Amino acid sequence: MAARVGLTGGIGSGKSTVSALFCETGIMVIDADKIAREVTLPGTPWLNKIAHHFGHGVLLQNGELNRKKLSEIVFSSADQRKWLEQLLHPEIRSRMDTRAASCADSYCILEIPLLIESARHLDMDKTIVVHCNSEIRRSRLIASRGMNAESIDAVMRNQASEQERLDVADYVVDNSGTLDQLKPQVTRIHQELTRIFSNKEN
């Protein structure tokens, strides 16, 4: 069975960019956010339960989930966020585990934004944290997603602190610079993980 390597980082840290670089090496990346979108497609029982609980205001005219509206609700209410997590996380976790079990490589990446918060890092063979300071993250979120300061603060308050992530990291990827500075870090980690987990198979 392939080793499972958890990849996480705060909002705006560049997890998706790092995951894409791992994909370029040929390693399977299983993205929790993408699976969350699968789980909440129109017609799924999970989306139906969300609409029933929060009202049809969380749906777009075409029946798809209005993710921005839902985020505004759950990041302003701990109880609502907990309800949503209890609904979605078991199914997302099940699908991620099934895909990881099918991986034929020496290891696979599980990209999970709430890796620390959900204690899923305890299930991983190694943990990678994508790190950069909060000011860089804020500027990226404003530029790329059009988020305002209030929305960014609401998300950051509900995520683990940077220190909490760093405390459990086996590898830290510094994403405060350029893509050219990022690539060698991913290459080094990939080579080391391949060596470690290939040797375990032998």
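Visitor: What is the strand order of the open sheet, and which kind of pairing do its strands have?

Guide: In this predicted model, the open sheet consists of five strands in the order 2-3-1-4-5, and the pairing is parallel.

Visitor: What makes strand 2 and strand 5 edge strands?

Guide: Strand 2 (29-31) and strand 5 (171-174) each have a single partner strand, so one side of each is left without a neighbour in the sheet. From one strand to the next, the twist averages 25°.

Visitor: How do you know that strand 4 and strand 5 are paired?

Guide: Two strands pair if at least two bridges are found between them. Strand 4 (residues 126-131) is joined to strand 5 by four bridges, and the two run parallel. Therefore they meet the requirement of at least two bridges. One example is V130, whose bridge partner in strand 5 is V173.

Visitor: Why are helix 3 and helix 5 called roughly antiparallel?

Guide: Helix 3 and helix 5 pack at an angle of about 180°, and their axes are 12 Å apart. Angles over 145 degrees count as roughly antiparallel, and therefore this description applies to the two helices. Helix 3 contributes W46, K49, I50, H53 and F54 to the contact, while helix 5 contributes Q80, W83, L84, L87, L88, E91 and R95. Sorted by class, these are seven nonpolar, two polar and three charged residues.

Visitor: Which residues of the largest nonpolar core touch the most other members?

Guide: This core has 30 residues, and those touching the most other members are I50, L70, L88, I92, M96 and L110. At least two residues come from each of helix 2 (32-39), helix 3 (45-54), helix 4 (67-74), helix 5 (78-101) and strand 3 (107-111). Helix 5 gives the most, namely six residues. Apart from this core lies another, of 19 residues, including V18, Y107, V173 and I189.

Visitor: With which residues is I92 in contact, leaving aside its neighbours within four places in sequence?

Guide: Those contacts of I92 are with A32, I35, A36 and V39.

Visitor: Why is T40 called buried?

Guide: T40 has a relative accessible area of 3%. Buried means under 20%, so T40 qualifies as buried. T40 lies in the loop between helix 2 and helix 3. Beyond its neighbours within four places in sequence, T40 is in contact with L47, I50, L65, R67 and L88.

Visitor: Why does D79 count as exposed?

Guide: The relative accessibility of D79 is 64%, and exposed means over 50%. D79 therefore counts as exposed. This residue is found in helix 5. D79 and M96 are 17 residues apart in sequence, and their C-alpha atoms are 25 Å apart in space.

Visitor: Why is A119 described as partly exposed?

Guide: A119 has a relative accessible area of 33%. Buried requires under 20% and exposed requires over 50%, with partly exposed in between, so A119 is partly exposed. A119 is placed in the loop between strand 3 and strand 4.

Visitor: What is the phi of A119?

Guide: A119 has a positive phi of about 65°, although it is not a glycine. Most residues other than glycine have a negative phi.

Definitions and conventions
Residues are numbered from 1 along each chain as its sequence is written. This is a predicted model: local features need pLDDT of at least 70, side-chain atom pairs count only at pLDDT 80 or more; totals for chains, interfaces and linings use all residues. Side-chain values use heavy atoms; hydrogens and water are left out. A nonpolar core is a set of buried Ala, Val, Leu, Ile, Met, Phe, Trp, Tyr and Cys residues joined through side-chain atoms within 4.5 Å. Buried means under 20% relative accessible area, exposed over 50%, partly exposed in between (1.4 Å probe, protein chains only). Contact means heavy atoms within 4.5 Å. Axes are lines fitted to C-alpha atoms, for helices over the stretch in contact, and angles run from 0 to 180 degrees between N-to-C directions. Angles under 35 degrees count as roughly parallel, over 145 as roughly antiparallel, 65 to 115 as roughly perpendicular and the rest as oblique. Ala, Val, Leu, Ile, Met, Phe, Trp, Tyr, Cys and Pro count as nonpolar, Asp, Glu, Lys and Arg as charged, and the others, Gly among them, as polar.
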